[in-house]
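Morning, everyone. Have the model open while I talk.

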Number of protein chains: 4
Amino acid sequence: MAGRVDIANRSLAEPELFGRVRGLSLALTEPLSDADATVQSMDDASPAKWHLAHTTWFFETFVLRDVAGYRPFDPAYAYLFNSYYEAEGPRHARPRRGMITRPSLDEIRAYRAHVDAALAEAWPQLGPDARALVELGCHHEQQHQELLLTDILHLFAQNPLKPAVWPGAASAPSPVPGPIGWIEGRTGAVEIGHAGPGFAFDCEGPRHQVLLTPHALADRPVTNGEWIGFIKDGGYQDPRWWLSDGWAWVQREGVDAPLYWEGDGSGWTSLGLDGLKPVDATAPVTHISFFEADAYASWAGARLPTEAEWESAAAGLDPNEGQFLDDAGPVRPRGYGPFGSVWEWTGSAYRPYPGFKPAEGAVGEYNGKFMSGQFVLKGGSCSTPRGHMRASYRNFFYPHQRWQFTGVRLAKDL
Amino acid sequence: MAGRVDIANRSLAEPELFGRVRGLSLALTEPLSDADATVQSMDDASPAKWHLAHTTWFFETFVLRDVAGYRPFDPAYAYLFNSYYEAEGPRHARPRRGMITRPSLDEIRAYRAHVDAALAEAWPQLGPDARALVELGCHHEQQHQELLLTDILHLFAQNPLKPAVWPGAASAPSPVPGPIGWIEGRTGAVEIGHAGPGFAFDCEGPRHQVLLTPHALADRPVTNGEWIGFIKDGGYQDPRWWLSDGWAWVQREGVDAPLYWEGDGSGWTSLGLDGLKPVDATAPVTHISFFEADAYASWAGARLPTEAEWESAAAGLDPNEGQFLDDAGPVRPRGYGPFGSVWEWTGSAYRPYPGFKPAEGAVGEYNGKFMSGQFVLKGGSCSTPRGHMRASYRNFFYPHQRWQFTGVRLAKDL
Amino acid sequence: MAGRVDIANRSLAEPELFGRVRGLSLALTEPLSDADATVQSMDDASPAKWHLAHTTWFFETFVLRDVAGYRPFDPAYAYLFNSYYEAEGPRHARPRRGMITRPSLDEIRAYRAHVDAALAEAWPQLGPDARALVELGCHHEQQHQELLLTDILHLFAQNPLKPAVWPGAASAPSPVPGPIGWIEGRTGAVEIGHAGPGFAFDCEGPRHQVLLTPHALADRPVTNGEWIGFIKDGGYQDPRWWLSDGWAWVQREGVDAPLYWEGDGSGWTSLGLDGLKPVDATAPVTHISFFEADAYASWAGARLPTEAEWESAAAGLDPNEGQFLDDAGPVRPRGYGPFGSVWEWTGSAYRPYPGFKPAEGAVGEYNGKFMSGQFVLKGGSCSTPRGHMRASYRNFFYPHQRWQFTGVRLAKDL
Amino acid sequence: MAGRVDIANRSLAEPELFGRVRGLSLALTEPLSDADATVQSMDDASPAKWHLAHTTWFFETFVLRDVAGYRPFDPAYAYLFNSYYEAEGPRHARPRRGMITRPSLDEIRAYRAHVDAALAEAWPQLGPDARALVELGCHHEQQHQELLLTDILHLFAQNPLKPAVWPGAASAPSPVPGPIGWIEGRTGAVEIGHAGPGFAFDCEGPRHQVLLTPHALADRPVTNGEWIGFIKDGGYQDPRWWLSDGWAWVQREGVDAPLYWEGDGSGWTSLGLDGLKPVDATAPVTHISFFEADAYASWAGARLPTEAEWESAAAGLDPNEGQFLDDAGPVRPRGYGPFGSVWEWTGSAYRPYPGFKPAEGAVGEYNGKFMSGQFVLKGGSCSTPRGHMRASYRNFFYPHQRWQFTGVRLAKDL
């Protein structure tokens with residue numbers, strides 16, 4: 001989920017953006033020990049240290065290596081911290097990232113300082129292409145900030161002691177939402193996709209028309225309380241609601257509640273970045289897979305929104321009004337809006353828009369190579385850095401994955 | 001890939017259709033021994049005997065059980081030969097179908113005769129709903145005829161002796177096609193999906209408008225000769241052409257040619273229903289996965305057609321002009337048209353059309369339950385029974401599957 | 001479990017032995033259909049057709065290929081029906097044996113007739129080495145007769161219809177045994193291992209001395225009724241009784257009764273060659289793994305006999321007094337003796353005797369190659385051909401395997 | 001490989017022993033970072049932090065919990081740091097030990113200090129049973145010291161940077177051994193097994209007689225130089241030398257050299273605790289599996305010694321004359337003796353001695369539960385703490401395991 005960039009949509013990166021992004025990454029890992037930052041809890045996740053290093057490698061590789069006189073911090077890092085750029089040569093296997101106990105977290109912090117200083121020094125001499133790559137690197141790092149948070153939560157969930165990244169009191173309950181209201185969407189030809197100004201990843205374009213049939217979207221995502229109703233009604237035990245692959249997944253994995261939930265009918269807790277806390281019935285449900293989202297919608301007599309319906313509804317709204325990540329701290333989804341709090345699964349497969357062309361070179365080498373088997377999510381979450389989101393943003397995960405802050409908003413035909 | 005029916009689009013089934021379909025199934029299995037018809041060569045495939053029995057169970061379950069006085073041939077068969085209808089109760093696990101050495105092939109033939117006779121006797125008293133279910137059962141059985149052929153070919157390919165289902169001389173070579181010509185497609189709003197008259201599965205509707213951007217489709221599928229060019233150019237060894245999941249599949253499985261190909265640069269053979277024969281350079285390439293089709297298109301500087309582009313181009317044409325299955329015999333793809341010879345992978349994920357609603361009851365219980373993770377194929381193949389095909393037909397398989405007669409037609413943006 | 005021979009212990013094979021053995025193999029497969037004889041139900045098992053062919057290949061390869069003028073029945077069979085003789089060249093992978101639907105069972109019968117006729121014709125001209133190989137081939141085929149029966153039972157157990165190979169009434173119950181009596185064994189130096197006259201496999205020698213400490217063996221194997229006591233006492237749920245690997249196996253596989261048992265505390269049935277029948281409380285328990293045998297012994301405050309204790313106790317007795325396979329038919333363990341009814345797990349790992357040397361050439365190429373990870377069983381079973389057994393016989397299986405007619409006799413220190 | 005104790009052979013534990021053992025464990029982990037001490041590189045290995053904690057839990061659980069007024073350091077640790085004592089309650093799954101990033105290495109050091117202080121304070125009031133348990137705990141901890149070293153080496157081997165635990169110059173080459181000389185062993189009845197005085201694990205007894213046939217043992221283990229001869233002769237590619245399970249392992253895992261070797265015919269390096277160094281041709285070969293040891297012996301026309309042959313030969317010698325672990329540092333095998341340098345695989349399965357009875361209670365609960373599927377190793381290695389070894393010592397591993405400092409000494413029949 002990294003490195004997708006539209007270098008055609010370049011704008012000059014501000015040193016302020018660079019400084020803010022780089023600083024937040026450090027702040028997010030401040031509560032972590034060397035061991036916390038090193039262990040990999042599953043193949044899908046990466047160690048926090050790896051996120052810190054990989055995002056730095058990105059600037060070193062795509063910007064600094066063309067700067068006269070730049071000396072790489074350590075030539076071995078290219079092998080360790082390349083994620084999947086085939087054109088950049090061989091790299092350490094992803095499921096083995098957690099074996100890298102050395103370099104230490106402190107060494108990676110030194111690596112970051114080295115690169116940050118070199119970039120600051122090089123800044124005046126960077127041309128527009130390089131500055132566009134810096135901007136890209138900032139957005140790339142924001143994506144990794146979100147992954148860093150969800151990966152560390154997944155790691156802590158493996159520990160029987162259920163530690164908190166940021167211990168503290170439970171946050172105030174989410175405001176009580178009313179019953180779902182239905183908002184009629186636009187019908188006929190609408191435009192979706194990014195068309196500037198401002199930064200976007202290349203898969204967000206080209207902007208193009210689609211046709212929408214009469215439909216309505218719920219005015220908020222589904223709550224934990226509503227999800228408990230699905231559980232109580234035997235939703236996880238009834239094949240009628242499930243896609244065939246989803247039913248196989250539920251049975252194979254023994255799934256009977258959202259990820260990180262523990263408990264039973266008499267009470268649920270869930271693990272978050274602030275530790276194990278009672279499930280807040282009024283907050284949006286999160287850590288659900290596409291399969292669960294789709295099954296819930298079937299049970300509720302509704303369906304998932306398409307990407308185009310979602311984007312059309314959100315197009316005129318301010319993405320920054322929702323709940324996003326502002327500072328390092330124990331975020332949990334709360335509140336409701338078209339943006340933020342939880343990523344919303346759509347019913348749309350992640351496939352290229354008409355006329356999509358991958359960008360040139362290693363940076364954009366594989367913009368489209370993830371376009372099979374995954375579904376689009378929209379809107380961002382409480383762990384997405386504020387400012388990173390827009391209506392055209394296309395996040396994507398496999399239908400069984402649920403360690404991100406994922407939720408669901410219902411839709412229906414009219 | 002079975003049991004999808006639109007009972008809203010019902011038409012009266014003709015006894016002639018029923019007789020023809022049931023007869024062809026028997027003819028297809030005429031060359032098979034009891035052992036040939038029993039063994040299951042992989043989880044994705046089913047034994048020929050199971051196909052014969054399951055299609056019969058369909059009529060027994062959905063039509064005859066409501067006929068007064070009907071006595072099931074054997075009550076245990078419901079458990080053995082239900083495929084995946086959860087509402088019809090528990091069933092034998094799919095990967096264990098090959099363990100059922102008894103009942104024998106001859107007993108299953110007797111089962112078929114029993115059900116055929118009962119249906120003939122009941123015919124005059126069947127109402128329109130039942131007749132629609134008979135029609136559905138005929139189309140369902142035609143789907144299984146194609147699977148039966150591809151499953152038996154897969155089984156025979158596991159035998160080091162490489163037996164032929166229908167031994168004989170190599171068929172005449174495919175006519176020599178010219179270089180690919182590009183046919184410009186319609187642009188703007190077009191309608192796709194089934195809207196009667198005539199039978200269709202429910203997932204083919206509702207008919208609806210889509211917007212097409214300027215594009216062209218190749219006037220024929222890719223040939224074996226062209227595919228050899230891809231191989232010789234190192235196509236299977238170059239990650240640039242592959243989707244990420246495809247590249248992982250190629251490396252994990254050691255794929256370096258279409259399924260059933262054996263040989264090297266100096267000459268290829270491929271196993272077919274007529275045994276091991278030299279690869280015919282002028283015939284359409286077949287037994288390729290979506291991943292391979294997509295990689296080939298990238299290598300060729302093109303892309304896959306979308307389902308809508310394909311259907312729009314084929315809409316006015318006669319589906320029966322292509323190469324289809326007419327009689328039991330050693331079909332191999334030859335010839336070129338918008339229909340027949342090989343299924344054509346599209347770039348479209350198999351997802352519901354706007355307004356799609358699953359049909360009521362067990363028959364249609366799961367019409368949509370396969371709508372995740374699969375891609376749409378269009379056009380039918382040399383092993384699709386003639387008459388089964390139409391432009392709106394939606395076949396679907398996972399992107400790594402390739403034991404069907406699958407091929408590829410290129411598309412490009414204009 | 002095949003092909004182990006001591007060509008130093010050669011004796012002349014009688015044509016009578018050959019005829020009897022070859023005839024029994026055919027009789028055992030008489031009730032089988034082509035499909036029954038073709039399917040492979042697990043990697044550990046082989047199809048009946050493969051057993052018939054492999055034992056024939058043995059004579060063809062090791063005896064007939066040196067006979068002037070012999071023409072192989074089909075040169076392709078060497079690839080299909082070699083089991084594991086590396087020196088005889090490449091061979092079909094063991095877990096894929098069930099894919100070979102052709103040649104058919106009838107063709108394999110013709111293969112057998114061809115080889116039998118050739119051997120009869122060649123008989124007068126065979127020298128002593130060749131005749132020893134014929135004798136070896138007969139013993140080899142007897143081993144496969146037992147495997148054939150246990151493999152076909154395993155296959156039929158996968159069929160929800162639970163067919164019987166030889167349907168019929170339940171056999172008379174086993175005679176009621178008294179409580180276990182303890183027979184004190186010999187102490188000090190005893191000799192074990194084969195030292196002629198008569199045939200033995202090479203791993204049965206050299207004959208050598210071992211030291212026995214004071215001990216006693218039970219006068220009969222454990223019964224089904226006693227085993228039900230173990231189940232009722234929670235034996236399968238209590239880690240105290242189990243070896244560590246055994247406990248992992250029980251939990252991973254969900255084992256809670258002998259293989260082929262179905263039921264619960266209120267009544268058990270078990271599948272045999274005569275179909276599904278009530279468990280006979282007075283018969284010896286069978287289809288148990290080494291892990292189960294060892295756990296039962298721990299629970300009973302006893303232990304397993306060592307191979308030397310067992311062989312020493314059985315040395316002076318007539319091996320043919322027990323229950324063995326005389327004719328094709330639905331054998332089940334009944335009766336009690338030092339020989340027959342059920343193979344008895346010993347606590348001895350299958351390792352070479354002092355001074356053991358593998359035989360020369362392909363026939364004996366791998367006599368010792370199975371000597372890791374397996375345990376010795378003694379005494380033969382109801383499905384071991386009568387005449388095949390002796391006190392020095394060393395059968396061996398992995399500690400989790402239990403599809404043979406395996407049982408357990410207790411031992412204790414004095 | 002832990003917790004085996006003969007509480008019948010108790011002797012009073014000296015506070016000196018306790019202090020020395022506890023101090024060495026800390027010294028061994030001194031070069032490790034928090035991350036180094038936390039990550040688990042494979043299911044067979046445990047994190048260094050876990051070793052430090054588990055050995056401490058042992059004293060806390062079996063000694064201190066019976067001391068009036070003792071307060072556990074943290075009640076949650078019992079769950080985290082119990083290894084496999086079923087009687088001590090549920091525990092964290094072994095393959096998930098590497099997920100425990102918290103408590104930190106420093107917290108575990110504090111845990112150790114807490115328990116050490118409590119034990120020192122309690123010492124005067126401990127009775128003989130408790131003191132015997134302290135002695136047992138010391139021997140138990142010595143076993144874990146060896147595992148800690150081999151586990152950390154395995155972890156560092158996963159890091160592409162190939163770090164050294166103790167960087168430094170290569171140690172002096174091993175003294176050049178002469179050609180193998182053969183030492184004739186004792187024949188007839190000999191006694192093996194422990195019979196005091198001094199500490200031993202319970203599986204080392206009872207002492208008993210065995211019969212040895214004429215044989216000779218090599219006067220030293222096989223060297224790296226000799227092993228390179230095996231490689232050059234195609235030993236890893238020739239099935240003749242291999243046990244059947246070993247050949248399957250070699251092919252499945254792609255094994256073609258000892259573990260941690262890198263290179264080819266023109267030169268080999270191997271990773272050790274001192275980093276990547278050239279293979280010393282004159283040092284004993286190490287990091288080989290039983291399968292490799294057995295194959296080498298077959299290739300060399302020899303065999304493995306039995307446990308009894310080995311123990312008989314070593315019985316009168318001083319175990320401390322060999323190379324053992326004296327202090328924290330980069331040990332590599334060098335030198336040759338009946339003890340030390342490398343563990344020597346025997347051909348004997350790890351099974352109970354005649355009359356063996358597991359000890360009472362949780363401490364000895366499972367002394368025998370590992371007695372299936374493993375082979376005995378004798379003699380200790382360069383990473384076994386000096387003083388821990390004796391002729392009767394029985395180490396054991398599965399035949400494919402090779403991350404210990406394992407080697408091979410040849411034997412032959414006379």
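Helices (H or I, at least four residues) and strands (E, at least two) are DSSP runs, numbered from the N terminus. Axes are lines fitted to C-alpha atoms, for helices over the stretch in contact, and angles run from 0 to 180 degrees between N-to-C directions. This is a predicted model, where local features need pLDDT of at least 70 and side-chain atom pairs count only at pLDDT 80 or more, while totals for chains, interfaces and linings use all residues. Residues are numbered from 1 along each chain as its sequence is written, and chains are lettered from A and ligands numbered from 1 in the order in which they are written.

First, a helix pair. In chain C, helix H7 (residues 244-253) packs on helix H8 (residues 290-299) at about 115°, and the axes are 9 Å apart. H7(C) and H8(C) are therefore roughly perpendicular, a label for angles of 65 to 115 degrees. Which residues make the contact? H7(C) brings Asp245(C), Gly246(C) and Trp249(C). H8(C) brings Phe291(C), Asp294(C) and Ala295(C). Contact means C-beta atoms, placed from the backbone, within 7 Å. By class, that is 3 nonpolar, 1 polar and 2 charged residues. Here Ala, Val, Leu, Ile, Met, Phe, Trp, Tyr, Cys and Pro count as nonpolar, Asp, Glu, Lys and Arg as charged, and the others, Gly among them, as polar.

Now H8 in chain D. Buried means 20 or more other C-beta atoms within 10 Å of a residue's own; 12 or fewer is exposed, in between is partly exposed, and C-beta atoms are placed from the backbone. Among the buried residues of H8(D) are Phe290(D), Glu292(D) and Tyr296(D). The buried set packs against helix H6 (224-232), helix H7 (244-253), strand S8 (343-349) and strand S9 (375-378) of chain D. Just after H8(D), Gly301(D) has a positive phi of about 70°.

Next, the core. A nonpolar core is a set of buried Ala, Val, Leu, Ile, Met, Phe, Trp, Tyr and Cys residues joined through C-beta atoms within 7 Å. The largest one has 382 residues, and Ile152(A), Ile152(B), Ile152(C) and Ile152(D) touch the most other members. Beyond four places in sequence, Ile152(C) contacts Leu32(C), Asp36(C), Ala48(C) and Val165(C).

Chains B and C meet as well. 24 residues of chain C contact 24 residues of chain B. The chain C side divides into 11 nonpolar, 9 polar and 4 charged.

Some backbone details. A cis peptide bond joins Gly205(C) to Pro206(C), with omega about -5°. Pro206(C) is in the loop between strand S2 (188-192) and strand S3 (208-212) of chain C. Chain D has a cis bond between Gly205(D) and Pro206(D), with omega about 0°.

Two residues other than glycine take a positive phi. Lys162(B) is at about 50°, and Tyr260(C) is near 80°. Are they buried or exposed? Lys162(B) is partly exposed, with 14 other C-beta atoms within 10 Å. Tyr260(C) is buried, with 20.

Last stop, Gly380(C). It lies in the loop between strand S9 (375-378) and strand S10 (395-397) of chain C. With 29 C-beta neighbours inside 10 Å, Gly380(C) is buried. Its C-alpha is 9.8 Å from that of Glu146(C), 234 residues apart along the chain. Contacts of Gly380(C) beyond four places in sequence include Phe324(C), Trp343(C) and Tyr393(C).

Definitions and conventions. Contact = placed C-beta atoms within 7 Å. Parallel < 35°, antiparallel > 145°, perpendicular 65-115°, else oblique.
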